[in-house]
Every structure is written in C-alpha cells, then in structure tokens.
Amino acid sequence: MSNQTKIPHRLYLSEDEIPTQWYNLRADMKEQPDAMLNPGTGQPITEPELYPVFCEKLAHQELDSETRFVDIPEDVLELYKIYRPSPLCRAYNLEKQLGTPAKIYYKFEGNNTSGSHKLNSAIAQAYYAKDQGLKGMTTETGAGQWGTALAEAASYFGLDLVVYMVKVSYQQKPFRKAIMETFDAKVIASPSDTTNVGRAILEEDPDNSGSLGTAISEAVEVAVTSEGYKYVLGSVLNQVLLHQSIIGLETEIALNKLGEYPDIVIGCAGGGSNLGGLIAPFMRDKIKGDRNPRIVAVEPASCPSLTRGKYAYDFCDTGKTTPLAKMYTLGAGFKPSANHAGGLRYHGMSPILSKLYHDGYMEAVSVEQTAVFEAAKLFAKYETILPAPESSHAIRAAIDEALKCKETGEEKTILFGLTGTGYFDMVAYEQFNNGTMTDHIPSDADLEKSFATLPDIG
Ligand SMILES: *Cc1c(COP(=O)(O)O)cnc(C)c1O
C-alpha cells in the first residue's frame, strides 16, 4: 500500500511534455489496410481524387502510410496547450471498491467544452482548412460531441461551419445544438430538405430519425457543391487516428514516468478514433514484438461492427457517395436502434483497426447498455466523474477485467480510455435510474438485411 500511494491519483504532464509530433501507426504495420477505392472506377483512390472532399494536407495524411512521425503545426499545439496534457488517472477508489488486485489507469479526455477527445482532431482539421484558405466546412454529428468540438475549432480559426445533426439526437439533446450555435455553427437536423440525399430519404420515409451515415451523405453533398467548403469527419479516417495518437503518446510518457506498462489496453469503439489513438504506441510495441499487451475494443451489442460485422468494402455513408473502405461493417444501410451511446452508432470501423483486428492483434467484445450504465454509475460514485455513455463501454470492460483479476489473484495493469463526460446524456441516465432502459440487440435476420446493402466488391 505504501508503495502504491507513490503513484498520484492524477498525473498531469507539464505543458512542454506534450508531444510535438503525431504518430502514424501505419508506418509500423507489417501489412497495410486495403486501399480506399474510388467508387466510380473501383481503383485505389489517388490524393487528387480526394481534393474535392478533403483539404489537400488532410488528403495527404489520409493516404500516407509511410511517414512515421508528423509535425503538429505550431497553431495546433498552442490550442492543445489550453486543455492538454490530459490527466492519466489511477482509479484507486474504484479498485478498492471492486476488491481487485489489478491496477486500473484511465486517460481522461473530457476536460474541454466538447466533453470528449474529439477536439484533438477538430483543431487539426480546422487548422488545415484555414491554412488552405477555405471559407468553411461541413460535417455531421451524432451525439453532438464532434459537432461541438468542430464548432469550437472553426470559430477559433474564423471558419463557417454547417453541421448535419442526426435527427434523433437533435431532438434529444437541444443543448448540444445550443453550444454549437454559441460557437456560431449552423445546425440542421438530418435527414433534411436541404440536400438531394436528404429529400430522397424523407420522400420514402418522412419519419426517418436519421443516422450518422445519412448525415455524412448530406454534409458531403453540401461540401462538394459549395465553393470554398470542404467536408470533415470526426472518426473512422486514417487522418483522425493520426491526430488522436496524441492520447496514446501522452499516456506512454506518463506511464514511463511511473515505471508502468499496461497488460491490457481497453477502449470503446465507434468509428475507432479514440481507441486507435490510445493504443498507437502500445500496438507499435506489440507489432514489433517488444511487448505483448492485450488490446480490447468495446462496442455496443446494438451496433456490433467488429464482433458481428463483415470484413468487406463498404461505403462510409448511407447515400453511397464516399470512397469505399475495407472495414468491419454492418452495411451502410444498417439502421441502429435507439441506443444511448450516440457516438458508437456507426455501421463501420476504422480500416486501420479493422485490419489489426482481422490479423489478430486486437480483441473485441460487445456489451449491453444496461450493464454499461451500471458500470457508469459505479464509476461516477467512486471516481466522481460522470462518464459519457460511450466511454462507459470501456469502463464496463475494464471493471470486468479487474473482477477476473480478483478471481485469479493476478495484479494486472489495466489501462482504459475515458473519452468524455455525460452531462448531455441525462435522459439516458434518467432512464437507467428509473428502470426503463432496455437493451436492443439486432437479430441475425436484421443483420442479413443490412449486409445485403454491401456493394459487390471482393
Ligand atoms: C465520438 C465518441 C466516441 C466514439 O468515437 P471513436 O471515433 O470510436 O472514438 C467515444 N466516446 C466519446 C465521448 C465520443 O464523443
């Protein structure tokens, strides 16, 4: 015990310890993820072919699998310094409550107005848009964290922002919209009548409550048809995982200081950006054979892309307008149920993580939402942070691993990503507290239906 208490509850690195470069895990992967394809030609997409959609420097980052370290622009670092380094926390109280011999660490990314890790990439993407002399950006948001993060970043760099917000979230989380508007973003409920894609969907199904896939289609349509605008995405893409590597790099520095190394690294996985960022340096060690941590992705049982999806080429959006990515997917036509973890309701998964999972470097588990909120409540009580429903998926898995250690007596070191806070998810907490929360698990027949929407490519 006396030995243990040497490790602080919260370790903050100093400002000058923030890494000045992002780390590109692809440079160390033995095999690369399959190339993104141009849906028109079926051929690997080239950088110029991405220019109509993405900023040039981001298009470059998207396809660059060779540059190991990428300099973080000075202006981005300056903004990082406002809310980074984020703390690495030791969950002493939770460990004690669980009676586990395991050591539980979490990297807390919720200490900024967006309430999540999303700001790490939003700042980078807004910076490159400004650098290219653009007028503005378009994007989608599900739960609202990405839209909020990007609204902050856009307003800082003086860019316009149009956010297509999944209709069900737009209705459930009016205050998310209010924050985005405070940062001068324009927020539109998706599907909307402002795009061809949106109008087509509404014509067929006027009550459509929206999905991330549909919101992406709308945002892309507006970007490619508006002069001076580009589309930006908050997850899934290689460039986003690159920016999020800041999470893992800081964690690695902090753990080194403590003389610790994780036996298990756990993160929730929606599109894979926080997990990809957190695990980057640990996955590098694993690929090189220097270390062998277990790496675990946690997803909702209601949207199980890794655990029940297919590894196939698919569109990143419902309107089938984006490039094709080889990934674990439920099919772009998948209609997720009303699970409260809006940020985990995406049909696909980062191609980088998909490849690593496919090649056996990573495990995946799925958890049901009532079990997730039980973990969230326990965590809130003993660690005094009200976690986001998304993050609570990782908490659930970390607690389960710690309880296994209690049975076996193993003193494992568990690290998980606490991606954000849940202050805008009180409807969900309320349902959990009054016992009306339910678990939605798609049937095999449901999945077959959405697999049928997969494009016919090898
Ligand atoms: C968006 C979000 C996630 C899921 O996105 P990833 O790209 O998989 O990281 C997880 N937690 C929070 C708090 C989020 O906002």
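What is the volume of the largest pocket? The largest pocket has a volume of about 790 Å³. The legends below describe a predicted model, in which local features need pLDDT of at least 70, side-chain atom pairs count only at pLDDT 80 or more, and totals for chains, interfaces and linings use all residues. Residues are numbered from 1 along each chain as its sequence is written, and side-chain values use heavy atoms, with hydrogens and water left out.

**Figure 1. The two domains of the protein.** The domain assignment gives domain 1 (2-20 + 72-115 + 238-451) and domain 2 (29-68 + 118-231); such bounds come from an automatic or database domain assignment. Taken over C-alpha atoms, the centres of domain 1 and domain 2 are separated by 22 Å. Their contact takes 47 residues from domain 1 and 47 residues from domain 2, where contact means heavy atoms within 4.5 Å.

**Figure 2. The largest pocket.** On a 1 Å grid over the protein atoms alone, a pocket is an open set of points with protein on both sides within 12 Å along at least five of seven lines, a cavity is a set of points where a 1.4 Å probe fits but cannot get out, and lining residues have an atom within 4 Å of a point. Grid points are joined across faces, edges and corners, and a volume is the space filled by probe spheres set on the points. The lining of the largest pocket comprises 35 residues, of which Asn 208, Ser 211, Gly 333, Phe 334 and Lys 335 lie nearest its centre. Helix H9 (196-204), H10 and helix H18 (444-451) are the elements that give two or more residues to this lining, and H9 gives the most, with four residues. Helices (H or I, at least four residues) and strands (E, at least two) are DSSP runs, numbered from the N terminus. By class, the lining of the largest pocket has 13 nonpolar, 15 polar and seven charged residues; Ala, Val, Leu, Ile, Met, Phe, Trp, Tyr, Cys and Pro count as nonpolar, Asp, Glu, Lys and Arg as charged, and the others, Gly among them, as polar. At least three residues of the lining of the largest pocket come from each of domain 1 and domain 2.

**Figure 3. The largest cavity.** The count comes to five cavities of 30 Å³ or more, and the largest cavity has a volume of about 370 Å³. It is lined by 33 residues, with Lys 118, Leu 212, Ser 235, Gly 271 and Gly 343 nearest its centre. Strand E6 (136-141), helix H6 (145-157), helix H10 (212-225), helix H12 (273-288) and helix H16 (389-408) each supply at least two residues of this lining. The lining residues of the largest cavity divide into 11 nonpolar, 19 polar and three charged. Domain 1 and domain 2 each contribute at least three residues to the lining of the largest cavity.

**Figure 4. The second largest cavity.** About 100 Å³ of space lies in the second largest cavity. Among the residues that line it are Ala 143, Ser 169, Lys 173, His 340, Arg 345 and Asp 425. Helix H7 (167-172) and helix H17 (426-433) each supply at least two residues of the lining, and the largest share, three residues, comes from H17. The lining of the second largest cavity divides into five nonpolar, four polar and three charged residues. Domain 1 and domain 2 both give residues to this lining, so the second largest cavity lies between them.

**Figure 5. Packing of H15 against H16.** The axes of helix H15 (residues 369-383) and H16 come within 8 Å and cross at roughly 85°; axes are lines fitted to C-alpha atoms, for helices over the stretch in contact, and angles run from 0 to 180 degrees between N-to-C directions. H15 is therefore roughly perpendicular to H16, a term that covers angles of 65 to 115 degrees. Residues making the contact include Phe 373, Leu 378 and Phe 379 of H15 and Ile 395, Arg 396 and Ile 399 of H16. The contact residues of H15 with H16 divide into 10 nonpolar, two polar and two charged.

Figure 6. A cis peptide bond, with omega about -5°, joins Arg 84 and Pro 85; Pro 85 lies in the loop between helix H3 (74-83) and strand E4 (88-90). The peptide bond from Ser 190 to Pro 191 is also cis, with omega near 5°, and Pro 191 lies in the loop between strand E8 (186-190) and H9. Asp 184, in the loop between helix H8 (174-182) and E8, has a positive phi near 70°.

Definitions and conventions
Angles under 35 degrees count as roughly parallel, over 145 as roughly antiparallel, 65 to 115 as roughly perpendicular and the rest as oblique.
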